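Open the model in your viewer and keep the selection tool at hand. The stops below go from one selection to the next.

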Amino acid sequence: MYRPARPNKPRRVIHSIDELPVLCDCAEAGLLLRRNPEVIAQMARDGILKGAKQGQSWFFRRDDLVSYLDKLFGGEAV
């Protein structure tokens, strides 16, 4: 049976750091880092990302995510 290909869903993208809240969950952090929320949670469990666990959810400060990106690209935090 032939099934036409479904178009890809448009992906939400962060164009400016100001679009993120000061305190982000895994989904919002994933938008900035272009990673799946499950990968973000694993990075937090492994200590790669600085985060705090509240119940079953991880939360991240926007400044910590920016610092991670700065370290990743060899820059200094502004």
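This is a predicted model: local features need pLDDT of at least 70, side-chain atom pairs count only at pLDDT 80 or more; totals for chains, interfaces and linings use all residues.

**Helix 2**

Start by selecting residues 37–45, which make up helix 2. Within this selection, colour Ile40, Ala41, Met43 and Ala44: these are the buried residues of the helix. Now turn the view to look down the helix axis. The buried residues fall within an arc of 160°, so they line one face of helix 2.

Select Asn36 and Glu38 next. Asn36 caps the N-terminal end of helix 2, with a side-chain oxygen 3.0 Å from the backbone nitrogen of Glu38. Then go to the other end and pick Gly47, which follows helix 2 and has a positive phi, near 85°.

**The aromatic pair**

The structure has one aromatic pair. Select Trp58 and Phe60: their ring centres are 6.5 Å apart and their planes lie at 15°, so the pair counts as stacked, the cut-off being under 30 degrees. Trp58 and Phe60 are both buried.

**Cysteines**

Last, select Cys24 and Cys26. Are they buried or exposed? Cys24 is buried because its relative accessibility is 0%, and Cys26 is buried with a relative accessible area of 14%. Do not look for a disulfide here, as the whole structure contains zero.

How values were computed. Residues are numbered from 1 along each chain as its sequence is written. Side-chain values use heavy atoms; hydrogens and water are left out. Buried means under 20% relative accessible area, exposed over 50%, partly exposed in between (1.4 Å probe, protein chains only). Helices (H or I, at least four residues) and strands (E, at least two) are DSSP runs, numbered from the N terminus. The arc is that of the directions from the helix axis to the C-beta atoms. A polar contact is a pair of N or O atoms within 3.5 Å; within protein, one must be able to donate a hydrogen and the other to accept it, and residues adjacent in sequence count only if both atoms are side-chain atoms. Rings of Phe, Tyr and Trp (its six-membered ring) pair if their centres lie within 6.5 Å; planes under 30 degrees apart count as stacked, over 60 as edge-to-face and the rest as tilted. A disulfide is a pair of cysteine sulfur atoms within 2.5 Å.
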